[in-house]
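Here is a short report on aromatic pairs and helix packing. The structure comes first.

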Amino acid sequence: PAEKIMAGAVLNRIISAVASLMWLGLSTLLDPKSCFIGCILSTLVAIVLCAWMDNIVDFYLMVAFMTTASAGSFIFSKVLMGALTPREKASHNFGFMGMVNRVGGFIGPFAFSILSVIYGPKSGFVVLLVMAVTGLLVITQVDFEAGYKASAKSHDDLEEEDEAGKGE
């Protein structure tokens with residue numbers, strides 16, 4: 001099976017490039033929040049496919065869905081964070097985002113492993129579904145328009161301060 005896993009890794013890179021272009025095209029039609037919700041829904045499909053994976057076709061379908069979802073999630077999380085973050089706090093927020101990714105990257109597999117060992121191989125997917133649904137619920141509650149306005153106001157305040165400082 002090593003050659004099949006290697007084929008999956010190569011397929012991952014190819015799909016990632018194509019998916020990035022697909023998300024770029026979709027972003028011209030939809031707002032970033034809708035695209036990010038689409039990424040989370042793709043993740044849910046990939047989790048379900050992975051839980052009931054029986055053969056190599058299921059494996060490649062799961063790779064395709066997860067790669068598509070992760071390519072879009074990476075792009076839109078950065079776009080949304082950049083749009084909502086005032087310039088003076090960008091390094092703090094991107095650092096926080098990196099820390100959250102690492103904590104989530106530990107908690108998800110850890111909880112998956114614990115449940116899989118205690119209750120059986122398929123039960124670990126429940127944790128992944130709960131995490132994805134929680135992310136979906138959180139992202140639907142975020143008011144991006146208010147965030148854009150607050151960020152723009154912060155940018156305008158900084159420019160006014162810069163101009164006032166130059167006049168002195």
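## Aromatic pairs

Three aromatic pairs turn up in a search of the whole structure. Rings of Phe, Tyr and Trp (its six-membered ring) pair if their centres lie within 6.5 Å; planes under 30 degrees apart count as stacked, over 60 as edge-to-face and the rest as tilted.

The rings of Trp 23 and Phe 76 are edge-to-face, because their planes stand at 85 degrees, with centres 5.8 Å apart. This pair joins distant parts of the chain: Trp 23 sits in helix 1 (residues 2-27) and Phe 76 in helix 3, 53 residues apart. Helices (H or I, at least four residues) are DSSP runs, numbered from the N terminus. Both Trp 23 and Phe 76 are buried (under 20% relative accessible area, 1.4 Å probe, protein chains only; exposed is over 50%, partly exposed in between).

Phe 106 and Phe 110 are stacked, 5.4 Å centre to centre with 15 degrees between the planes. Both lie in helix 4, four residues apart, about one turn of the helix. Phe 106 is exposed, at 53% relative accessible area. Phe 110 is partly exposed, at 46%.

## Basis of the model

This is a predicted model: local features need pLDDT of at least 70, side-chain atom pairs count only at pLDDT 80 or more, and totals for chains, interfaces and linings use all residues. Residues are numbered from 1 along each chain as its sequence is written, and side-chain values use heavy atoms, leaving out hydrogens and water.

## Helix 3 against helix 4

Ser 77, Lys 78, Met 81 and Gly 82 of helix 3 meet Asn 93, Phe 94, Met 97 and Asn 101 of helix 4 (contact means heavy atoms within 4.5 Å).

Key. Helices (H or I, at least four residues) and strands (E, at least two) are DSSP runs, numbered from the N terminus.
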